[in-house]
Amino acid sequence: MNDCIAQFGGLVWSIIRRYVQPDSEAEDVVQEAFAELWQKADRFDQSRASAATFIGLIARRRSIDWLRRKSRRPELQPLPPDFDELVSAETTPDSACVDAENLQGALSQLSSDARELFNLHFTGGLTHAEIAAKTGLPLGTIKTRLRRGLIDMRALLRSPKTQTAES
Amino acid sequence: MKPTELKQRFDELDAARALGDLSPEEQAEWFQLVETQGFSPDGEFDLLVAGLEAAGGEVATAPPAGLIKKLQAEAEHFMPRPAVAEVIPFWRHPALGWAAAAGLAVALTVMTPRTETEPSAADLRGALLARNDVLQWDFSGTPEFAQLNGDVVWQDESQTGFMRFSGLPANDPQQCQYQLWIVDPQRDSAPVDGGVFNIPARDGEVLVPIRAALGVSSPVAFVITVEKPGGVVVSQQEIVAAIAQRG
């Protein structure tokens, strides 16, 4: 467990700090995320995603749950599907393993414009407004391209050709 | 709008949901499509976003040293303990799946039957009650669980406690499980997950140890709910079985 904390602590901390501030609150959410991780670790299905993806999923869900608790109208913010729903109920024959290799393969097939936005948002950690300032693109265009890019990536990951070629 | 167009629109909104950039108007539209068209959120979007964030996490910032120490200390609460005959083993081993998947070298304590030298759950509860800084509250069953008798014993400093039940109906772990929630407003407005547990189909008293997922400092109530197998992160409290609270 200490090895797991050492390997993924930075990932969980970084994801949660994107959503939760101040740091004292982020620390509480990190503790909640690891508590959930220990409780649900035996349900991890490596055919669906890598360990890092599942841990990232828990970190995001906990962060969004925190945002909902802080919101005056939490009912308006959809909570991501529960961990158990993701690892069991929503598995389909088309579902691909979301690991680094398959993600990289799908990303490489997106347009260069979409790839750049994904890179700025996920690797660079920039908000939509920061991306707009950096690229000069309208905010609406950035949102639309990221959404379309995610839909395209899902289709690419479901494509047997993509999975065979890349994994 | 045609059904295929509605589905395309929902996909766009659901991708935005996973990306976390739905506007209030789009949130309302998302809920409307869920309710009127029967669409449901696609977890693959969430896995994709989590995977992309994890991939971006190669440049992750190291957490504060103090936080790492807290995480390590709390992880010890989830390590397997020797099985005790009187206790329902509700805490499944947490590290095995991750260890196998991530190739991590995690030292596991083997669950072993209780030996003569190990204290029973009843002994441990008795020792806890001997302290003068322990709370002991009776459980009250809700109307559907009116035949329930029991109490909770909890000690803040050691973060240990036990629940004692009789008359709590046996559950089928494949259908549902009981889950404990500890209400501690000084910590958070949301209750702390106290873990899931089962009640076996036999007469007599059942002792269940408490291992709070997070630190609890000033509990004001202990609530038992009925949840799906494995428990939930946030309970909707649709079925509340019992409550023990400060008198």
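## Confidence, helices and a sheet

Let us begin with residues 163-167 of chain A, where pLDDT stays under 50 and the model has 12 contacts beyond four places in sequence. This is a predicted model, and another stretch of chain A, residues 89-93, also stays under 50 in pLDDT. The two stretches are set out here:

| Stretch of chain A | pLDDT | Contacts beyond four places in sequence |
|---|---|---|
| Residues 89-93 | under 50 | 11 contacts |
| Residues 163-167 | under 50 | 12 contacts |

For chain A, pLDDT averages 79, and 79% of the residues score at least 70.

Next, a pair of helices in chain A. Helix H5 (residues 100-108) packs against helix H8 (residues 139-158) at an angle of about 120 degrees, and their axes are 9 Å apart. H5(A) and H8(A) are therefore oblique to each other, and their crossing is right-handed. On the H5(A) side, the contact is made by A:Asn102, A:Leu103, A:Ala106 and A:Leu107, while H8(A) brings A:Met153, A:Leu156 and A:Leu157. Sorted by class, this contact has six nonpolar residues, one polar residue and no charged ones.

Now over to chain B. Here you will find an open sheet of four strands in the order S1-S3-S4-S7, with antiparallel pairing. Strands S1 (135-138) and S7 (206-210) of chain B each have a single partner strand, so one side of each is left without a neighbour in the sheet. On average, neighbouring strands of this sheet are turned by 15 degrees against each other, direction ignored.

S1(B) pairs with strand S3 (residues 149-155) of chain B over four bridges, in the antiparallel sense. B:Gln136 stands opposite B:Val153 in S3(B). Finally, helix H6 (residues 121-129) of chain B lies across S1, S3, S4 and S7 of chain B, running at about 120 degrees to S4(B).

Key: Residues are numbered from 1 along each chain as its sequence is written. Chains are lettered from A and ligands numbered from 1 in the order in which they are written. This is a predicted model: local features need pLDDT of at least 70, side-chain atom pairs count only at pLDDT 80 or more; totals for chains, interfaces and linings use all residues. Side-chain values use heavy atoms; hydrogens and water are left out. Axes are lines fitted to C-alpha atoms, for helices over the stretch in contact, and angles run from 0 to 180 degrees between N-to-C directions. Helices (H or I, at least four residues) and strands (E, at least two) are DSSP runs, numbered from the N terminus. Angles under 35 degrees count as roughly parallel, over 145 as roughly antiparallel, 65 to 115 as roughly perpendicular and the rest as oblique. A crossing is left-handed if the near helix is turned anticlockwise from the far one by less than a right angle, and right-handed if clockwise. Contact means heavy atoms within 4.5 Å. Ala, Val, Leu, Ile, Met, Phe, Trp, Tyr, Cys and Pro count as nonpolar, Asp, Glu, Lys and Arg as charged, and the others, Gly among them, as polar. pLDDT is the predictor's confidence in each residue, from 0 to 100. Two strands pair if DSSP finds at least two bridges between them.
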